[in-house]
Amino acid sequence: MTSFDRAFAGLAGLTNWERLRPDAPYRFDLSGMRALLARLGHPERRLAQAVQVGGSKGKGTVAHLTAGIAGRLGLRTGLYTSPHVLDVRERIRLDLAPPPDEILVPHVDAVAAALVPGQTWFEAWTAVATLAFAEARPDLCVLEVGLGGRLDSTTALPRRACALTSIELEHTQVLGDTIEAIAAEKAAVLEAGMGCVTGFEGAALAVLERRAAEVGVRPAVLGRDLGWRLVGREAGGIVVEVRLGDRTRVLSTRLGFAPQGRALCLALGLLATLWPERRDELLDLDLDAPWLEAALPPGRLQLLSREPPIVVDGAHTEDSLTMLADELPRAFPGRRFHLVLAMAEGKRWEAGLGRLAAVVDRAWVAPIVGKPSVVPEVLSAFLEARGVPCEREERVGDAFVAAGAEVLRASRRAGGGPALLLCGSLYAAGEALARRADLGVTVDPGPVRD
């Protein structure tokens, strides 16, 4: 057992709402997080400026790109995200790399010693990140919201600006069962004196603008104050037009998919709210470079291979699965897909998966280890009713290797064979990525520890 494993064991027994579905009777609040920070000597007061990224989908990509782009501006960065895909240490990064254990372990030990009954795993890990950032003193800390926003542990930390990406019906048992209710929970992170960029639309945007008026802030809205559009697709990535205020650039990028272009625009806009004098510098960055790929998060529209295409994505809701159904045929014209699917329990997925099934010829289904998931029999029955033959495996990794072997064999026989998609959960993405070497495909997922 390593020193980190021993330290981490002190947090292992805490309530973890990422793996156990919170229910309506549970009361989230910030008092526990604030009290924990106080017992640790208020490390949040030693942070450099911080930004917070929330929303239903895309917040992990915006957070990672914000940190990666800030690094290209010469800034030292701290990045806190969730959930992890391969290793818990992914959640805390300094200049996009997890800190070595000798730096992290003392902070884990300090938090474990300061915990009181009733504290959650996410509160503890947020405190570990705060201690790590307070010690390292990066120029910018990027904090991804875990759940909601108003009562999320990251909201207990001081922030200068926020990005709010999108809204869909999610975690309705906790956040509310309407777009307006969920938007209110997420918009509540906005406070007086903060900058804000958002991709909210319609009813969600109306909620945010009411909150902004209450605290005296004017958010920069995608489509009004900043914008982006897909110009084309090249062998190395997409070409996008990005507008920040009255300045526009057409940029070749190493991004593989259109939703990443939207996330790029929000990340650039967020940094421009902090440093408006560097707006031209932001628009002049070389985005057709390996650093941009390395800044992307694992398991979110992660392209492991361009030929044959192998895509790993944590999509598990109607909106995110529908996005895949729309985006994959555009990114890979004429390609059909083999699908590996493991779906987290309690999500709205039927309509999105029905759309996705239209581009799938064959599927493998499996349960997710250690997390409540839709039983494979339900998934296979759903897909087979739509003409997609299914095989069942006991583990996601085995399903990924079996499907990948079929795709690679077909690719060797003739170019233009099927592509491979894994989706349904970030935990499933982690199980698949842990087996990527078994496919014989060279993959660099960025600075992530196995």
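Which residues are linked in a network of salt bridges?

## The network

D246, R247, R249, R279, D280 and D284 are linked in this way. The model is a predicted one. Across it, the count comes to 29 salt bridges.

## R249 and D280

R249 sits in strand 10 (residues 247–252) and D280 in helix 10 (residues 279–283), so their contact ties together parts 31 residues apart in sequence. Both residues also belong to the network above.

R249 is partly exposed, with a relative accessible area of 26%. D280 is partly exposed too, at 29%.

## R336 and D361

A salt bridge also connects the side chains of R336 and D361. Its N to O distance is 3.0 Å. This pair links distant parts of the chain, 25 residues apart. R336 lies in the loop between helix 12 (318–331) and strand 13 (337–341). D361 lies in strand 14 (residues 360–365).

How accessible are the two side chains' residues? R336 has a relative accessible area of 33%, which makes R336 partly exposed. D361 is at 37% and counts as partly exposed.

## R224 and D225

D225 forms a salt bridge with R224. The closest N and O atoms are 2.8 Å apart.

Is D225 buried or exposed? D225 counts as buried because its relative accessibility is 17%, and the cut-off for buried is under 20%. R224 is partly exposed, with a relative accessible area of 37%.

Terms used:
Residues numbered from 1 in each chain as written. Predicted model: local features only at pLDDT ≥ 70, side-chain atom pairs only at ≥ 80, totals over all residues. Heavy atoms only, no water. Salt bridge = Lys/Arg side-chain N within 4 Å of Asp/Glu carboxyl O. Buried < 20%, exposed > 50% of the residue type's maximum accessible area, 1.4 Å probe, protein only. Helix = DSSP H or I, 4+ residues; strand = E, 2+ residues; numbered from the N terminus.
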